[in-house]
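This briefing concerns a protein assembly with DNA. It is arranged by topic for use beside the sequence and the structure.

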2 protein chains.
Amino acid sequence: MSSTTTTRPATSTGATANRRRQARATATRTALLDAALVEFAAHGFEGASTRAIAERAGTHQPQINYHFDSKEALWRAAVDHLFARLDVTVRRHLDALPANNDRERLASEIRAFTRAVAELPELNRIMVQEATIDSDRLRWIVEQHTRPRFERLTATWRRLRRAGTVPDIDEVVLYYSLVGAASLAYVNAPEARLLSHDTMSKSFIDAHADALVILFLGSDR
Amino acid sequence: MSSTTTTRPATSTGATANRRRQARATATRTALLDAALVEFAAHGFEGASTRAIAERAGTHQPQINYHFDSKEALWRAAVDHLFARLDVTVRRHLDALPANNDRERLASEIRAFTRAVAELPELNRIMVQEATIDSDRLRWIVEQHTRPRFERLTATWRRLRRAGTVPDIDEVVLYYSLVGAASLAYVNAPEARLLSHDTMSKSFIDAHADALVILFLGSDR
DNA sequence: GTCTATAATTAGATAGAC
DNA sequence: GTCTATCTAATTATAGAC
């Protein structure tokens with residue numbers, strides 16, 4: 001140890017300093033990603049300022065252009081990060097809800113999805129702000145994230161609909177009705193609060209998840 | 001007539017000129033309101049620029065501060081204008097759908113509401129962008145427009161729920177599930193188009209309205 | 001990698017001619 | 001009422017010291 005420090009003292013201290021610098025850099029990157037999610041969700045891509053993002057992350061505005069190439073590259077990295085968290089969150093809630101048959105499996109997926117979107121309101125806020133007008137960002141998010149999930153849900157619904165397990169409803173109608181019904185209470189949580197109800201409480205989320213299963217799959221069947 | 005023009009020619013031409021100027025002013029105001037709705041819906045309050053709004057209205061940017069006091073005053077006037085159009089549009093669709101009993105009346109209201117939000121996608125786009133974060137604008141829109149409509153729908157649902165006419169679902173859960181299910185397909189219409197489906201077509205809207213009645217009221221009962 | 005300073009644009013709002 | 005010109009402040013991005 002002392003031999004190491006004596007044989008190459010400069011290199012060793014340089015290495016630990018490098019390690020520290022790199023850890024600090026990773027922390028800055030992560031803080032910027034988290035701050036970006038909040039700001040983009042609250043003000044939209046154009047309304048969010050890089051200064052506000054940097055300030056929320058506890059660092060300086062030029063760090064955004066250093067760690068990411070541009071405001072748009074930061075946005076893409078933040079969205080990737082968010083969808084990865086969605087998958088993890090849905091899976092976590094699914095594991096707690098084992099299912100036996102097709103109907104119970106879809107019921108579990110609806111409950112898990114509802115709990116996940118309640119946990120990650122920023123995701124649907126960003127989606128709804130971007131999906132409102134055609135743009136390069138929308139095209140990117142659709143091909144990267146929306147389409148695979150859209151195809152998976154509509155395929156499942158098509159199968160259950162043919163089997164007569166679910167109501168006779170077109171799959172695109174179903175997709176937007178289900179996603180809209182599951183997400184609006186959390187996207188609009190600040191509004192709901194003003195209307196005198198906290199939609200972020202566990203009791204609301206549980207009642208909401210159960211209600212969606214009843215609405216989309218019926219109470220028994 | 002010719003006597004009028006000859007007895008007070010200056011006053012008369014001044015009066016018609018005034019009338020023309022006033023008509024032009026009203027046209028400018030209306031054009032600004034319509035342009036503001038599109039821009040605010042597409043980019044949010046902070047993302048929309050007064051220059052882009054004026055250009056879309058075919059006039060110049062300082063006209064906004066002349067006809068309205070500020071960007072925020074223009075936003076409020078545009079939102080008032082939009083909610084007034086919502087009421088007219090819902091009523092128009094309701095008249096076409098007479099109802100006999102409580103359940104049929106609510107079914108008609110769900111169908112009319114769905115068709116109205118499909119016709120006015122800007123309304124829910126603006127709502128979802130403002131309801132995402134607490135602000136003076138959100139508090140204003142909630143007290144002016146959201147709360148009365150919220151109270152009306154939840155009161156109706158409470159009554160039908162007590163009578164056993166509808167599924168046993170909490171009224172706040174119902175409110176956000178129904179509004180979300182009815183609006184997302186139109187709020188996110190550009191995304192839906194990229195996913196290969198035009199949700200603005202009459203056939204989609206009809207299928208959607210019927211599906212929501214089945215989902216929220218059951219297929220018969 | 002992080003900081004300060006600043007360049008280059010663009011924002012909302014105002015002044016004043018017509 | 002409508003126009004051009006412009007003010008002040010805020011925006012994203014870059015340069016360069018450390």
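A polar contact is a pair of N or O atoms within 3.5 Å. By that criterion, a polar side-chain atom of B:R51 meets a base nitrogen of DNA strand C at 3.1 Å. The model discussed here is predicted, and all distances and areas below are computed from it.

**DNA strand C**

- A total of 20 residues surround DNA strand C, and the closest are A:T28, A:H60, A:H67, B:T50 and B:Q61.
- Of the atoms of DNA strand C that come within 4 Å of the protein, 63% belong to sugar and phosphate.
- The surface near DNA strand C draws at least two residues from each of α2 (9-47) and α4 of chain A, and from each of α3 (50-56) and α4 of chain B.
- Sorted by class, the surface near DNA strand C comprises 5 nonpolar, 10 polar and 5 charged residues.

**DNA strand D**

- Among the 20 residues around DNA strand D, those that come nearest are A:T50, A:R51, B:H60, B:Y66 and B:H67.
- B:H67 also places a polar side-chain atom 2.5 Å from a phosphate oxygen of DNA strand D.
- A polar backbone atom of A:K71 is 3.0 Å from a phosphate oxygen of DNA strand D.
- The side chain of B:Q63 has a polar atom 2.9 Å from a sugar or linking oxygen of DNA strand D.
- Sugar or phosphate supplies 63% of the atoms of DNA strand D within 4 Å of the protein, and bases supply the rest.

**Interface between chain A and chain B**

- The contact involves 45 residues from chain A and 45 residues from chain B.
- The area buried between chain A and chain B is about 4,500 Å², with carbon and sulfur atoms giving 72% of this area.
- Between chain A and chain B there are 0 salt bridges, whereas 10 residue pairs are in polar contact, both residues at pLDDT 80 or more.
- On the side of chain A that touches chain B, two or more residues come from each of α2, α7 (121-130), α8 (136-162), α9 (171-187), α10 (189-194) and α11 (202-217) of chain A.
- The element giving the most to that side of chain A is α9(A), with 10 residues.
- By class, the side of chain A that touches chain B has 29 nonpolar, 10 polar and 6 charged residues.

- Helix α7 (residues 121-130) of chain B is mostly covered, with 10 of its 10 residues buried.
- The buried residues of α7(B) include B:P121, B:L123, B:I126, B:M127 and B:V128, and also B:E122, B:R125 and B:E130.
- B:A84 lies in helix α5 (residues 71-95) of chain B.
- B:A84 has a relative accessible area of 41% and is therefore partly exposed.
- B:A84 and B:M127 are separated by 43 residues in sequence, and their C-alpha atoms are 15 Å apart in space.

Conventions. Residues numbered from 1 in each chain as written. Chains lettered and ligands numbered in written order. Predicted model: local features only at pLDDT ≥ 70, side-chain atom pairs only at ≥ 80, totals over all residues. Heavy atoms only, no water. Buried < 20%, exposed > 50% of the residue type's maximum accessible area, 1.4 Å probe, protein only. Helix = DSSP H or I, 4+ residues; strand = E, 2+ residues; numbered from the N terminus. Near = heavy atom within 4 Å. Polar contact = N/O pair within 3.5 Å; in protein donor to acceptor, adjacent residues only side chain to side chain. Nonpolar A, V, L, I, M, F, W, Y, C, P; charged D, E, K, R; others polar. Contact = heavy atoms within 4.5 Å. Buried area = accessible area lost by both parts, 1.4 Å probe. Salt bridge = Lys/Arg side-chain N within 4 Å of Asp/Glu carboxyl O.
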